[in-house]
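Trainee: I would like a close look at one part of this model, taken slowly and with its surroundings kept in view.

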Amino acid sequence: MLNGMQSSGVVHAYAAFGAVAQMRYTEPVITLDLDILVALPDPDRLDLLPGIYEFCANHGFQTAGHAGRVGAWPVQFLPVYDALTREALEHAEICTLEEVPIRVVGANYLAAIALATGRSRDHERVLALLESGAASRAQIEALARRHGLSEAWGRFQKRLGDG
Amino acid sequence: MDERIRELIRRQTEWQESRKNLTWEEKLHMVAQVREEVARLLPAYRRRAPNPQPAQEHEK
């Protein structure tokens with residue numbers, strides 16, 4: 001569905017992020033949805049997602065309460081909303097899920113996005129990614145510096161007791 | 001330390017390690033199954049809930 005959406009121009013690019021992407025590196029975490037970051041052809045439009053909903057409906061992917069479904073996963077789409085998410089999308093990695101290639105946000109970007117969101121569970125995600133060895137402090141710090149998140153990174157480290 | 005506690009910790013660690021060693025796809029299948037199971041149990045849980053919300057009353 002996602003690759004079809006990209007090849008038909010409904011989205012310019014997509015990548016899975018959030019808990020589903022995190023599970024590439026950490027032990028399983030409970031989540032209800034597959035979060036998909038998308039770059040849209042016309043991001044200035046106010047109604048951002050109708051094209052996606054229409055595509056899913058026309059291709060039989062629609063499901064109650066969600067725009068679409070990938071395998072067993074109800075999908076939530078989120079348009080890129082800042083420079084960090086745009087960059088994360090550009091640097092997404094290609095993995096395989098149920099024998100289909102899927103683009104997924106990498107560990108350092110996942111951590112930086114979680115840092116920007118800043119809730120307790122997002123800090124848990126940063127910690128889990130660091131502990132897995134998939135994300136590095138140096139890389140997260142560099143992303144934080146470039147995207148105005150140095151303060152958030154400082155808060156996270158302080159919370160860990162080593163800031 | 002009590003031997004039973006030691007055994008419990010050992011098994012818990014083993015379980016945690018085994019989850020880490022799953023492939024991405026296996027982890028996603030596991031979580032999807034948990035999610036489906038929760039969705040399956042939800043109606044029965046709602047029927048048993050002592051103080052249902054107004055919206056749940058409406059479902060009856």
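What percentage of the 60 residues in chain B do buried residues make up, and, for contrast of topic, which residues of the largest nonpolar core touch the most other members?

Mentor: This is a predicted model, and in chain B buried residues make up 5% of the 60 residues. The secondary structure of that chain comes to three helices and zero strands, which run α-α-α from the N terminus on.

The largest nonpolar core holds 53 residues, and those that touch the most other members are A:A16, A:L37, A:V105, A:L110, A:A111, A:A112 and A:L115. Helix α5 of chain A, residues 107-117, gives the largest share of this core, eight residues, while domain 1 (2-85 + 94-105) and domain 2 (109-160) of chain A each supply at least three. Taking A:L37 as one of these core members, and leaving aside residues up to four places away in sequence, its contacts are A:Y14, A:A15, A:F17, A:L78, A:V80, A:T85, A:A88, A:L89 and A:V105.

As for the two domains into which chain A is divided, their C-alpha centres lie 23 Å apart, and nine residues of domain 1 are in contact with 11 residues of domain 2. On the side of domain 1 that touches domain 2, the elements giving two or more residues are α2 (18-22) and α4 (83-90) of chain A, with α4(A) providing the largest share, three residues. By class, that side of domain 1 has six nonpolar residues, three polar residues and no charged ones.

Note on methods: Residues numbered from 1 in each chain as written. Chains lettered and ligands numbered in written order. Predicted model: local features only at pLDDT ≥ 70, side-chain atom pairs only at ≥ 80, totals over all residues. Core = buried A, V, L, I, M, F, W, Y, C linked by C-beta atoms within 7 Å. Buried ≥ 20, exposed ≤ 12 C-beta atoms within 10 Å, placed from the backbone. Helix = DSSP H or I, 4+ residues; strand = E, 2+ residues; numbered from the N terminus. Domains from an automatic or database assignment. Contact = placed C-beta atoms within 7 Å. Nonpolar A, V, L, I, M, F, W, Y, C, P; charged D, E, K, R; others polar.
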